[in-house]
Amino acid sequence: MKASGKINRKANGTAPGGSHKRTLVWLQSGGCGGCTLSLICAEQPDFLTVLDLAGIQLLWHPALSEASGSEVRAILDSVRSGETPLDILCIEGSVVHGPNGSGRFHLQSGSGEPMKDVIAELCRLAGTVIAVGTCAAFGGVTAAGENHVEATGIAYSGSVAGGLFDPSFRGRSGLRVINISGCPVHPDWVIETLLQLSLGVFTEADLDSLGRPKFYAEHLVHHGCPRNEYYEYKASAEHLSNLGCLMENLGCMATQVHADCNIRLWNGDGSCTRGGYPCISCTEPGFENQTHPYLETPKLAGIPIGLPTDMPKAWFVALAALSKAATPHRVKANAIADYIITAPSAAKGKAPK
């Protein structure tokens, strides 16, 4: 995928149906590159095939493009000069403002410019800006602890509005920053967003209050979790290897976290809870600075503090008491085991009609 320094709209070719191809630049800032690693695991189709199908030309990606050094600078200069229109700008990783707002903790290789200034300039030129991953959306792991590097997201710092820009910022398309949060993102979240943009059907109404695409953010990780029978009966795991619900004792936050991880499985087969690990809230702002250890459930008078979204505490206490009283022996025994000890019994009598 060789990228030259001068690419004009005519050279981009056309998308299926005769329309011009959309151009995309992908930059990495303060982060680990894990969202790219997740994205290149996309299957049926893979990421590059999706771009072809969507009529999107990848001008440059740090891991997928051949261009480097002066070639990359030429591509970006072509965009900055207006010679090459920029339709989609993807930023992976947080924006590093330190020290003291100068941005000199993170300089663009070859130019010496603070990356925060490069990102800001390209955001103003882009049709649509996509923050890929929780770091780009909210600051993420790069902003953890005392945040000495002064990392923020593009439009948010944690859950507080205002990062590199404030949430009133709009790309040329009129859309605010699209925050595809996750640590890392599910590859399909990126692919579906790009396909909807390509088709011209992604609108402001498709974003939630934090700028996340509703197609995944209007679900909870709890939805589709294979441990839901244990949750319903409050039959809880005591150790990570147990089959029971991970909420009561092991810090699982799936009933509060917005994502469709247990509906849209990773690599067609997995999720955190399916792999035996509790949800740590990685799509939410501030997940990197939890006030309690990830594998512990904070409680008050024996009741978990982090209750399911929109459920009053009194209702939860009453429901939990009734559920535990009605827990079948099979569910109770299997919850604290590493494998199915007692299988569901075979139906007796006539087959159901």
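Reader: Is Arg 212 buried or exposed in this predicted model?

Author: In this predicted model, Arg 212 has a relative accessibility of 3%. Buried means under 20% relative accessible area, so at that value Arg 212 counts as buried.

Reader: Which residue meets Arg 212 in a salt bridge?

Author: Side chains of opposite charge can pair when their charged atoms come close. For Arg 212 the N to O distance in the salt bridge is 2.9 Å.

Reader: How many residues apart in sequence are the parts that the salt bridge between Arg 330 and Glu 229 ties together?

Author: The closest N and O atoms of Arg 330 and Glu 229 are 2.8 Å apart. Arg 330 belongs to helix H11 (residues 329-335), whereas Glu 229 belongs to helix H8. Glu 229 is partly exposed, with a relative accessible area of 31%. The pair therefore joins parts whose separation in sequence is 101 residues.

Reader: Which residues are linked with Arg 80 and Glu 113 in a network of salt bridges?

Author: A search of the whole structure finds 12 salt bridges. In one of them, the side chains of Arg 80 and Glu 113 meet at 2.9 Å, N to O. This pair links distant parts of the chain, with Arg 80 in helix H3 (residues 70-80) and Glu 113 in the loop between strand E4 (95-96) and helix H4 (115-125). The network that holds both also includes Asp 77 and Glu 121.

Reader: Where does the model place Thr 283, and what is its relative accessibility?

Author: Thr 283 is in the loop between helix H9 (247-250) and strand E10 (299-300). Leaving aside neighbours within four places in sequence, its contacts include Thr 134, Trp 189, Arg 212 and His 258. Thr 283 counts as buried, because its relative accessibility is 1%.

Reader: Why do the residues of the UniProt feature "binding site" gather at one spot, and which of them line the largest cavity?

Author: The unreviewed UniProt entry places this feature at His 222, Cys 225, Cys 245 and Cys 252. They span 31 residues in sequence, yet no two of their C-alpha atoms are more than 11.6 Å apart, so they gather at one spot. The lining of the largest cavity includes His 222, Cys 225, Cys 245 and Cys 252.

Reader: Is His 222 buried or exposed?

Author: His 222 is found in the loop between helix H7 (214-217) and helix H8 (228-232). Not counting residues up to four places away in sequence, His 222 touches Asn 228, Tyr 231, Ala 254 and Thr 255. With a relative accessibility of 18%, His 222 counts as buried.

Reader: Why is Cys 252 too far from the closest cysteine sulfur for a bond, and how many disulfides does the structure hold?

Author: Cys 252 is buried, with a relative accessible area of 11%, and touches Cys 279 among other residues. A disulfide requires sulfur atoms within 2.5 Å, whereas the sulfur of Cys 252 is 5.5 Å from that of Cys 279, so the two are too far apart for a bond. Likewise, the sulfur of Cys 282 is 5.9 Å from the closest cysteine sulfur, in Cys 183, which is too far for a bond. The number of disulfides in the structure is 0.

Reader: Over which residues does pLDDT stay under 50?

Author: The mean pLDDT of the protein chain is 90, and 92% of its residues reach 70 or more. The stretch under 50 has 36 contacts beyond four places in sequence in the model, and it covers residues 1-12.

Terms used: Residues are numbered from 1 along each chain as its sequence is written. This is a predicted model: local features need pLDDT of at least 70, side-chain atom pairs count only at pLDDT 80 or more; totals for chains, interfaces and linings use all residues. Side-chain values use heavy atoms; hydrogens and water are left out. Helices (H or I, at least four residues) and strands (E, at least two) are DSSP runs, numbered from the N terminus. Buried means under 20% relative accessible area, exposed over 50%, partly exposed in between (1.4 Å probe, protein chains only). Contact means heavy atoms within 4.5 Å. pLDDT is the predictor's confidence in each residue, from 0 to 100. UniProt positions are given in the numbering used here, feature names are shortened, and annotations may be inferred rather than shown by experiment. On a 1 Å grid over the protein atoms alone, a cavity is a set of points where a 1.4 Å probe fits but cannot get out, and a pocket is an open set with protein on both sides within 12 Å along at least five of seven lines; lining residues have an atom within 4 Å of a point. A salt bridge is a side-chain nitrogen of Lys or Arg within 4 Å of a carboxyl oxygen of Asp or Glu.
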